[in-house]
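Dear colleague,

I am passing on the structure below, together with some notes on how its chains meet. Please read them alongside the model.

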Amino acid sequence: MKHLLGIETLSREEIERILETTQAMLEISQREVKRVPTLRGRTIINLFLEPSTRTRVSFEIAAKRLSADAINVSASGSSLSKAETLTDMAKNLVAMNADLLVVRDRTAGVPQMLAERVRAPVVNAGDGTHEHPTQALLDAFTIRQALGSLDGRRIAIVGDIAHSRVARSDIYAFTKLGAEVRVAGPPTMIPKGIEMMGVKPCHSMPEALDGADVVVMLRIQRERLAGALFPSVREYAATFGLGFQSLRYAKPNAIVLHPGPVNRGVEIAAEVADAEPSRILDQVTNGVAVRMAVLYLLTGNHS
Amino acid sequence: MKHLLGIETLSREEIERILETTQAMLEISQREVKRVPTLRGRTIINLFLEPSTRTRVSFEIAAKRLSADAINVSASGSSLSKAETLTDMAKNLVAMNADLLVVRDRTAGVPQMLAERVRAPVVNAGDGTHEHPTQALLDAFTIRQALGSLDGRRIAIVGDIAHSRVARSDIYAFTKLGAEVRVAGPPTMIPKGIEMMGVKPCHSMPEALDGADVVVMLRIQRERLAGALFPSVREYAATFGLGFQSLRYAKPNAIVLHPGPVNRGVEIAAEVADAEPSRILDQVTNGVAVRMAVLYLLTGNHS
Amino acid sequence: MKHLLGIETLSREEIERILETTQAMLEISQREVKRVPTLRGRTIINLFLEPSTRTRVSFEIAAKRLSADAINVSASGSSLSKAETLTDMAKNLVAMNADLLVVRDRTAGVPQMLAERVRAPVVNAGDGTHEHPTQALLDAFTIRQALGSLDGRRIAIVGDIAHSRVARSDIYAFTKLGAEVRVAGPPTMIPKGIEMMGVKPCHSMPEALDGADVVVMLRIQRERLAGALFPSVREYAATFGLGFQSLRYAKPNAIVLHPGPVNRGVEIAAEVADAEPSRILDQVTNGVAVRMAVLYLLTGNHS
């Protein structure tokens, strides 16, 4: 594994190796002195061409806890609009002896393109509607933490499946790890032929959540709801929002995940997001550990 | 002391403990190698939702001189407008095992609100017109450095008292430390009932500065002067600006403080700001040391 | 040498000392653990008032590889428009015991002005159309790396000489190091009296490149070409762009430099920029090493 561009091309063994490394990294973040010398003197670049405070901070903290030098590069302040400019920027950063590039971009395929053109490892931190592999890894880790294993578990993913890179990466990760995955949302949000990804499309919450061990609620872009894909926010919340009412369709001890930031009262009720079944903050904690594991595994030759 | 949200709720003993710790920290910044391992492996977040280069840099340097990992989060690039979003962001940062949040916001009460909702210590780096406690602490430290003690000293604070978080925090700090405080400014800038804070309102420079050991000049927002609160910048400067002329009302060796950035020729003449009585750059130097002390005292269990 | 404000005032010996130190620094960036403790506990400020991702990142990496604490300050988020405000900001940063300021500004002379007013060393990271000394140093280093020495070498600099700080600094550096320099571009881009800098102005590529060991192509601001200085981008590329065709006027093993970012198809053909004669990425690699050398030499008293 030279890059982490998506979950689609990973084997179950590769995913499991990352999750096992994550377990060791998690322990570091729980110490008082949250820093190990593993990546001392390595230069990690966070190239965030689409703004994302949370994911950038998670990667930056991950790099620093491994003692790497983390350098943030954002699009603001420089015009990084075109493929040529982007490739040039990446080549420049690698010429400065960067050891790894973390790349987020609005356009699907940008991390892949850069990975083909530079000699440093590239980590996809979210590219358009394509993939968000570290999110899927932290979701899988959080589920293993709660339930022991994904094998044979029933997982429902609810929301705008068609436009969600989290949904795509989650589907790849969960199915590879042996789970049975159902996806749900209004017809405009479920892509045709989604069955080919090995999941079952559902058109109602009772159907999707029936017997579920895990419910993954996706963030809804309110702008998307205004017209094109669904009549109104209120109607979406009533039909596909998760409250304690609809959660009863799942198993009694089902856990709830959400990639954040949460729209309380839209895709999930505040009472659910902030209560027992929610593992949302565990996801955030595990996110740093997953990213530490990925940085560690991709940089190699550790001191 | 779990948080530092304001001076109002601190005891004299707590303030003095911070000032004594500051003295030790000041010495570190004067070394060639300005770094001690005290907070190694701790994660300090600078959550600056109102832009402020100087205060952010001061906190960032303070964290780094203690070997902490400092992470900057600003509002630009993410929409942090509402209380829910802010709380979510703070909870996320704490879930990433942040050890302390430094929070600046345009709205009074935001640091307090976050302190009630997250389990990490919160330091108020300025919230609306409420408080700016580290500024008051560095002001008090600078006065002690110059005069030995605040007990029985006469201190004049001049400017827009009604809208200044610096004035509020200074008043609390100076009176708790035994000083006699006078405030001065045009009537529109002196809040009704200010006497209840234990200070004497004055309406002229001769009255305010009479026998003063210390003169604290506040930064004037030029926009505020344009109309609503005062007829003109020129008239403000003539009536409440500090020149060597008006400084003669104070004691011969009186010192002058200003929180910066200075509007030369408005609230203070360049000749005064840049000359002997001014301790403005000492304040800046002491600001880093005060913030080191606060970070140190609030994180606890040091290595 | 207390500051690095430009190449104009450096002696050949001073330039050579920097280049020799660069050689040692280059080796550090090629290690796995790219970090030496030389500037541990020093505070380096990157005060970038004109946005520049590449140069800022290069300085930030340079500081971190020497174990310094690097603090980024940009203009966005604070209004740093006037000389007074700028001087105040610089004095504040130095009052925080900053050990060195790296300054980039749109206006020629700003680093010089700050150097006269603060007691810390100042490095000019590019000021208006005046100088960009670290660029010239990395260019000279790259040429020495490829050709052994600049003595007696023929170097052509092509582009908007009149408005390029890179051209000015390069001319000073190359001539001081014994090279014979020719400059070329349309008449509107060649300043009157350029001969007084010890270079020969040329008005065609064959004339400029004749027998050249090195060709330095400057970035063309497309906006400049739209009208005022030249009829069209296409005509500029045909007349002063570098392709393999025009490169044949130079010596067979001539090398090509460009300060980046490259406008492929405008001042340089993609096939040249990305092929054998181009040393563009070497320049980027050497840029970090040059900046490490400059930070090292200006901070003194190393641990």
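To begin with the contacts between chains, 19 residues of chain A are in contact with 22 residues of chain C, where two residues are in contact if their C-beta atoms, placed from the backbone, lie within 7 Å. On the side of chain A that touches chain C, β2 (69–74) and α3 (83–95) of chain A each supply at least two residues, and the largest share, 7 residues, comes from α3(A). Helices (H or I, at least four residues) and strands (E, at least two) are DSSP runs, numbered from the N terminus. That side of chain A is made up of 5 nonpolar, 9 polar and 5 charged residues, with Ala, Val, Leu, Ile, Met, Phe, Trp, Tyr, Cys and Pro counted as nonpolar, Asp, Glu, Lys and Arg as charged, and the others, Gly among them, as polar.

This is a predicted model, in which local features need pLDDT of at least 70 and side-chain atom pairs count only at pLDDT 80 or more, while totals for chains, interfaces and linings use all residues. Residues are numbered from 1 along each chain as its sequence is written, and chains are lettered from A and ligands numbered from 1 in the order in which they are written.

Turning to chain B, 19 of its residues are in contact with 23 residues of chain A. The elements giving two or more residues to this side of chain B are β2 (69–74) and α3 (83–95) of chain B, and α3(B) gives the most, with 7 residues.

As for symmetry, chain A is superposed on chain C by a rotation of 120° with 0.0 Å of shift along its axis (RMSD 0.0 Å), which is the relation of a three-fold axis; copies are superposed by least squares on the C-alpha atoms of residues with pLDDT of at least 70 in both.

With best wishes
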